[in-house]
Every structure is written in C-alpha cells, then in structure tokens.
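Look at the sequence and the structure together before reading on.

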Amino acid sequence: MAPALRNDGRDGNGARTRGPSRRALLTGVSALGAAGALGAAGCSRVATAASADGGDLLGRLRAQGVVRLGIAGEIPFGYIDRDGELTGEAPELAKAVFKRLGVDRVQPVPTEFGSLIPGLDSQQFDVVSAGMYINPERCEQVVFSDPDYQMLDAFVVRKGNPKGLHGYQDVVAKKARFATGTGYAEIQYAVEAGYKESDILIVPDQVAGLNAVEAGRVDVFAGTALTVREVVRKSRRAESTKPFAPLVKGKPHVDGGGFAFRSAETRLRDAFNGELRKMKKSGELFRILRPFGFTAAEMTDMTAKELCRG
C-alpha cells in the first residue's frame, strides 16, 4: 500500500523528515493517470451550500447508522480475513472512531488501490480506509485526516542480501532488477534515485513481490517496512533489509498514512481528527494498531497539513 503501500509514516528511528510523497499510495507515476482525471473533475465541481459549510455527510451517516469504507485488500492496512470479516489497522481504527462519532456499523467496499480516490469521488464509498499515504498530489484531490502512523521503506532481498542493497541508490549503482507494487510511492523513490521507470517490474502486492525475489526474477522488491517484514516472516529464501528513509530532493523522507474524505466533507474530517487526537493521547491508537505489526516507532504526531506541503 498500503497498500500502496507507500507509506509511509510508514520511522524506525522515530525521525520526522518530510518530502513529496506510500503505498503504499497515486504519486504522479503509473497509477496516477486514471485517478488524476477523476480527481481533477472532482475539483471542478460547483460547491453547494452544504459543501461550503463543511459538508453534511457526518449527519447522514449518523442517521443511517453505517459508513462505507473503501479498502484495497492489503494486509495489514485493510482487508477481508479468512472468515470473511473486515479487519486491518485502518478498518479497526475506523470502527472505533466512527462509533465515537455515533455511527455504529462499517461496511467494506473492496477495490484496487489505484481506484480508491476515483471510487471516493464517485461516491462508491464514504471514506478511504486503506492506510493511504498522504502526499501533495493526493491532497489536491481529497482531504486527509492527520496520519495515524508513519513509515519507512525496506527491501525484500535474497537471504544474505548478496548484492548489498540497502537503499534506492544501491539498486541503481548495482544495476539490480527492481520490483514494487501497483501505485506504490516506491516507484517514485526509485525513479528519483535514477532508476528507469520502464525497467521497474510492477506486481500486484508484496506477496507477488516476495515470489518474484524467491524465483530470481528480480533482485529486490521495495515496500513499506511493515509489509516487507511481515511478508518475509516465513520465507526460507528471502529476508527484509533494515528500514530506511528514501531520499526526496536529496533529503531523507518519512511518509504518513491516514484516511481520505471527499474535498467538501471537512466537517467529517475535523470530527474524525478530534477523536483521533484523543486516541493518540490515551494510547488507544497504538493498542489498535499493534496487533497488525506496528511498533511504537511508527506512531507519529505529524499532521496532514505538513505532509500535504511535501
């Protein structure tokens, strides 16, 4: 993903550096095309009285008692488990926040990661609940909650890391065969390091990336530190590298992921943020995210405003 992944809030060291941005995540490369067209159309809509006042979605959700969550089927950000139940860090957080807001039920609407923003804009669902990275490009199309996590990147490599790949510059210098996921921010990070975009192998998700590394089709798969360390857990032929911050404009960058709302629905976004702040302060947020592999280092006090600036 997260996902685009590619996100990150996705910092193992707790650092707080920022740049243009997971997910993992529609950033002016491959997956942005379709989303950008619809997003631009959304930005051109004439504001209604309700939108000028911050939108009325929160009231409607309270009246109907259910909120539709757009998810991308990405573990651990948002997915349907083997029992057919909605789970993941973002849906579990959504359940808690919306209950506090007076909306008792959540309904999953699965789609591809690259279709999340277009689906939100066309009202297929009410909120994107997929751990989506917050970056300037996306902020032109939707409004984001503050991030509920921060994340670094990491690589899936063969056992022993035979090519010594520890960052995107290593991938370029050693002419490694590189893969990442559809719509992931890692595409942009590799290109910024000097990797030719047309040479990148794009795979559906981190499991496909692991398979490509294990089969020797690529030397490295890039994703968020969290998804990478989880996917290699049972592998005998691959391992994860130490988390690192990709360089953006020459500076280390840490991503942050959150919830996306239609641009007019600032009232709902603000109410969501209010509950999120309380949960951060009380420690409840970490208690919800920890079962999905998140660590204390991946909690953050960054804001959507900071990440939207790039």
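Is Cys 308 buried, partly exposed or exposed? The model is a predicted one, and in this model Cys 308 has a relative accessible area of 27%. Buried would require a value under 20% and exposed a value over 50%, so 27% falls in between, and Cys 308 is partly exposed.

Cys 308 also takes part in a disulfide with Cys 139, the two sulfur atoms being 2.0 Å apart. The cut-off for a disulfide is 2.5 Å, and by this rule the count comes to 1 disulfide. The bond ties together distant parts of the chain, since Cys 139 lies in helix H6 (residues 136-139) and Cys 308 in helix H13 (residues 304-309), 169 residues apart. The torsion about the S-S bond of Cys 139 and Cys 308 is about -70°, which means that the disulfide is left-handed.

Next comes a sheet. Five strands make up an open sheet with mixed pairing, in the order E12-E11-E13-E10-E14. At its edges are strand E12 (201-203) and strand E14 (238-240), each of which pairs on one side only. From one strand to the next the twist averages 30°. Within this sheet, strand E11 (residues 178-181) and strand E13 (residues 220-224) run parallel and are joined by 3 bridges. Thr 180 has Ala 222 in E13 as its bridge partner.

Helices pack on these strands. Helix H9 (residues 206-214) touches E10, E12, E13 and E14, and its direction makes about 35° with that of E10. Helix H8 (residues 186-193) lies across strand E10 (153-158), E11, E12 and E13, and runs at about 150° to E11. Ala 193 belongs to helix H8. Apart from neighbours within four places in sequence, Ala 193 is in contact with Tyr 168, Gln 169 and Val 172. The C-alpha atoms of Ala 193 and Gly 250 are separated by 9.2 Å, although the two residues are 57 residues apart along the chain.

Now consider the interior. In soluble globular proteins, nonpolar side chains tend to be buried together. The largest nonpolar core here has 69 residues, and those with the most contacts inside it are Phe 98, Phe 155, Val 156, Tyr 168, Phe 178 and Leu 268. Helix H4 gives the most to this core, with 6 residues. Leaving aside neighbours within four places in sequence, the contacts of Phe 178 include Phe 155, Tyr 168, Ala 190, Leu 201 and Ala 222. There is also a second, separate core of 19 residues, among them Val 109, Val 254, Ala 260 and Ala 304.

What does helix H11 (residues 266-282) pack against? The buried residues of H11 include Leu 268, Phe 272, Leu 276 and Met 279. An α-helix has 3.6 residues a turn, so residues three or four places apart point the same way. The buried residues of H11 pack against helix H3 (57-64), helix H4 (89-100), strand E7 (127-133), strand E8 (142-144), strand E17 (255-262) and helix H12 (284-289). The length of H11 can be checked as well: at 1.5 Å a residue, its 17 residues should span 24 Å, and its end C-alpha atoms are 24 Å apart, which agrees. Just after H11, Gly 283 takes a positive phi of about 90°.

Strand E17 is mostly covered, with 8 of its 8 residues buried. E7 runs antiparallel to E17 and is joined to it by 3 bridges, with Met 132 opposite Gly 258 in E17. E8 and E17 are also antiparallel and joined by 3 bridges, and there Phe 144 has Ala 260 as its partner. Strand E9 (residues 149-151) pairs with E17 in the antiparallel sense over 3 bridges, and Gln 150 is the bridge partner of Gly 256.

Some loops hold backbone details. A cis peptide bond, with omega about 10°, joins Ile 75 and Pro 76, and Pro 76 sits in the loop between strand E3 (66-71) and strand E4 (79-80). Gln 123, a residue other than glycine, has a positive phi near 65°. Gln 123 lies in the loop between helix H5 (116-121) and E7 and is partly exposed, with a relative accessible area of 45%. Lys 175 likewise has a positive phi, near 50°. Lys 175 is in the loop between helix H7 (168-173) and E11, and its relative accessible area of 74% makes it exposed.

Technical notes: Residues are numbered from 1 along each chain as its sequence is written. This is a predicted model: local features need pLDDT of at least 70, side-chain atom pairs count only at pLDDT 80 or more; totals for chains, interfaces and linings use all residues. Side-chain values use heavy atoms; hydrogens and water are left out. Helices (H or I, at least four residues) and strands (E, at least two) are DSSP runs, numbered from the N terminus. Buried means under 20% relative accessible area, exposed over 50%, partly exposed in between (1.4 Å probe, protein chains only). Two strands pair if DSSP finds at least two bridges between them. Axes are lines fitted to C-alpha atoms, for helices over the stretch in contact, and angles run from 0 to 180 degrees between N-to-C directions. Contact means heavy atoms within 4.5 Å. The expected span of a helix is 1.5 Å times one less than its number of residues. A nonpolar core is a set of buried Ala, Val, Leu, Ile, Met, Phe, Trp, Tyr and Cys residues joined through side-chain atoms within 4.5 Å.
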